[in-house]
Amino acid sequence: MRLRIRPGSAVGGHARVPGDKSIAHRWLILASTARGRSRLAGMPGGLDVRSTAACMAVLAPKPRPALETWLHLHRDRGADERQGRGFTWNLNAGENPPDASTLDLVLEGDGRNALAEPPKRLDCENSGTTLRLLTGLLAPAPFTSLLAGDASLNARPMERIAEPLRAMGAVIDTTDGHPPVRVDPVGELHGITWEDGTPSAQVKSAILLAGTAASGSTTVVEPVTTRDHTERALQALGGPVRIEGRSVTVEAFQHQGFSGTVPGDPSSAAFLVAAAALTGAELHIEGVGLNPTRTRFLAVMERMGIPLTTELDGEEVGEPVGAIHVGRAGALRATTVDVDELPLVIDEVPVLAAVAAHADGVTRFRGAGELKVKESDRLSAVVEGLRGLGGDAEVEDEDLAVTGGGLPGGNAGSGGDHRIGMAFVVAALAASGTSEVEGIEHTEVSFPGFAPALGALGADLEEA
Ligand code: S3P
């Protein structure tokens with residue numbers, strides 16, 4: 001699907017964004033393996049989250065019917081039409097966001113020991129978080145699991161999770177370091193202390209999920225801080241979790257059911273914040289997650305000259321929730337994101353690059369090599385797309401440099417990557433001419449209803 005973007009509109013007002021993808025994966029896994037009833041509100045219907053729900057429906061017999069009904073309702077509401085299966089959006093629907101996340105998902109769990117052997121390979125589709133977290137969950141299981149995904153996921157590195165899990169006693173084979181990943185049964189896993197691995201919340205979470213069913217203590221010491229949703233959830237569920245600086249320790253425990261509303265996804269909000277700032281509008285986003293391991297992009301945007309305030313309203317299962325207010329931005333300036341800051345904006349680099357293309361000067365992202373192994377090679381994708389829109393950017397080893405000064409507009413593609421597609425749409429909103437972005441249906445992976453949400457805020461968009 002191709003989107004035509006005409007510049008000149010102000011993208012502002014009031015918005016909400018679909019629930020946080022990272023939190024949703026974790027709460028789905030934890031609710032499906034809880035002993036007792038959980039009620040999850042605001043569960044987003046993005047494709048990645050549905051991949052986790054579908055895998056848990058295969059693995060967890062008792063919650064299966066509820067998960068299947070939830071998956072079915074999302075399909076029926078037309079949120080899941082993938083490329084080539086009649087994907088349509090009503091860009092004038094005026095709903096923001098138009099999804100089925102108003103439904104509560106009630107799951108009755110029988111505990112982690114009730115997980116059943118998957119009869120066939122678990123299909124994680126495009127979702128690295130699904131595959132990596134489930135490998136950790138299944139490492140202590142008394143049966144064999146085979147996990148794989150689509151072509152993009154099957155090209156992504158998995159030894160980073162296999163290695164620490166093997167150190168705990170797990171039997172795991174990757175395919176030349178990639179999926180399919182095979183997890184074979186073992187007796188009992190034992191705790192380890194894991195230091196100096198890849199800075200990755202997915203790796204940390206895989207180890208912690210295995211650690212909650214291992215003997216002794218399991219500690220992950222991170223080289224730099226990454227998102228901490230897993231440890232927050234385990235702690236909120238009463239688990240034996242100790243957090244000291246960049247070290248987190250868990251011990252074995254079986255949690256009970258829980259209730260919560262998934263906060264809006266700050267990584268999705270980042271696209272709306274950028275759209276408002278680049279079109280000189282004011283925007284208020286409510287009900288969004290304000291976990292400090294996720295909101296660093298706001299600090300980067302402030303350095304670039306975007307006036308931002310946040311307001312904390314409460315907490316959901318250990319996650320801070322509140323509002324983001326974007327003031328009217330004037331001229332924007334370049335900034336540098338250093339190697340220590342980068343993991344805290346790992347998913348926002350494409351949208352920050354879109355803002356950087358309109359700022360004064362050259363913005364640098366240092367030590368961004370990890371972006372080469374995301375849903376696409378995001379460094380090359382940013383360079384290609386910004387050049388397609390008439391701008392300039394380049395990659396030097398692990399660094400990305402984006403030249404500012406504005407964009408004349410042109411053509412760019414998502415390359416099958418949700419965040420890349422959204423970044424170019426946002427960049428195009430402030431171009432001097434009309435642009436087209438191809439492959440926009442992939443935005444359903446994390447931000448269901450992205451284009452209609454932008455349209456409802458005033459963006460001038462149409463299907464090309
Ligand atoms: C995620 C962690 C990040 C992020 C991904 C979601 C998570 O990956 O890029 O979109 O939910 O744990 P890494 O931790 O592997 O960098």
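Which strand does Pro 180 lie in? Pro 180 lies in strand β8, residues 178-184. Strands here are DSSP runs of E of at least two residues, helices are runs of H or I of at least four, and both are numbered from the N terminus.

## Model and conventions

This is a predicted model, in which local features need pLDDT of at least 70, side-chain atom pairs count only at pLDDT 80 or more, and totals for chains, interfaces and linings use all residues. Residues are numbered from 1 along each chain as its sequence is written, and side-chain values use heavy atoms, with hydrogens and water left out.

## The ligand shell

The residues around the ligand are Lys 21, Ser 22, Arg 26, Thr 129, Ser 200, Ala 201, Gln 202, Arg 227, Ile 346, Asp 347, Lys 374 and Arg 419. A residue counts as near a molecule if one of its heavy atoms lies within 4 Å of it. By class, the shell holds two nonpolar, four polar and six charged residues. The nonpolar class is Ala, Val, Leu, Ile, Met, Phe, Trp, Tyr, Cys and Pro; Asp, Glu, Lys and Arg are charged; the others, Gly among them, are polar.

Which elements give two or more residues to this shell? They are α1 (21-32) and α6 (201-211). Helix α1 gives the most, with three residues.

## Ligand contacts and pocket

Arg 26 places a polar side-chain atom 2.6 Å from a ligand oxygen. A polar backbone atom of Ala 201 is also 2.6 Å from an oxygen atom of the ligand. For Lys 374, an N or O atom in the side chain lies 2.7 Å from a ligand oxygen. Taken alone, the ligand exposes 390 Å², and the protein buries 96% of that. Accessible areas come from the Shrake-Rupley method with a 1.4 Å probe; for residues, only the protein chains shown count as cover.

The ligand takes the space of the largest pocket. A pocket is found on a 1 Å grid over the protein atoms alone: it is an open set of points with protein on both sides within 12 Å along at least five of seven lines. A molecule sits in a pocket if more than half of its atoms lie within 2 Å of the pocket's grid points.

## Helix α6

How many of the residues of α6 are buried? Eleven of its eleven residues are buried, so the helix is mostly covered, where buried means under 20% relative accessible area, exposed over 50%, and partly exposed in between (1.4 Å probe, protein chains only). Among the buried residues are Ala 201, Gln 202 and Lys 204.

At the start of α6, a side-chain oxygen of Ser 200 comes within 3.2 Å of the backbone nitrogen of Gln 202. Leu 208 also belongs to helix α6. Leu 208 counts as buried because its relative accessible area is 0%. Ten residues separate Leu 208 and Thr 218 along the chain, and their C-alpha atoms are 7.0 Å apart.

## The β5-α4 loop

Two residues stand out for comment in the loop between β5 and α4. Asn 126 is placed in this loop, between β5 (122-123) and α4 (128-138). Asn 126 counts as buried because its relative accessibility is 6%. Its side chain makes a polar contact with the side chain of Asp 150, at 2.9 Å. A polar contact is a pair of N or O atoms within 3.5 Å; within protein, one must be able to donate a hydrogen and the other to accept it, and residues adjacent in sequence count only if both atoms are side-chain atoms.

Glu 125 is found in the loop between β5 and α4. Glu 125 is not a glycine, yet it has a positive phi of about 50°. At 24% relative accessibility, Glu 125 counts as partly exposed.

## Other backbone features

A cis peptide bond joins Pro 179 and Pro 180, with omega of about -5°. Asp 397 has a positive phi of about 55° although it is not a glycine. Asp 397 sits in the loop between β21 (392-396) and β22 (399-403). Is Asp 397 buried or exposed? Asp 397 is exposed, because its relative accessible area is 67%.

## Two further buried sites

Pro 320 lies in strand β18, residues 319-326. Pro 320 counts as buried, at 12% relative accessibility. Pro 320 and Gly 289 are 31 residues apart in sequence and 6.0 Å apart in space, C-alpha to C-alpha.

Ser 268 is in helix α8, residues 266-278. Ser 268 counts as buried, at 1% relative accessibility. Ser 268 and Glu 462 are 194 residues apart in sequence, with a C-alpha to C-alpha separation of 21 Å.

Conventions. On a 1 Å grid over the protein atoms alone, a cavity is a set of points where a 1.4 Å probe fits but cannot get out, and a pocket is an open set with protein on both sides within 12 Å along at least five of seven lines; lining residues have an atom within 4 Å of a point.
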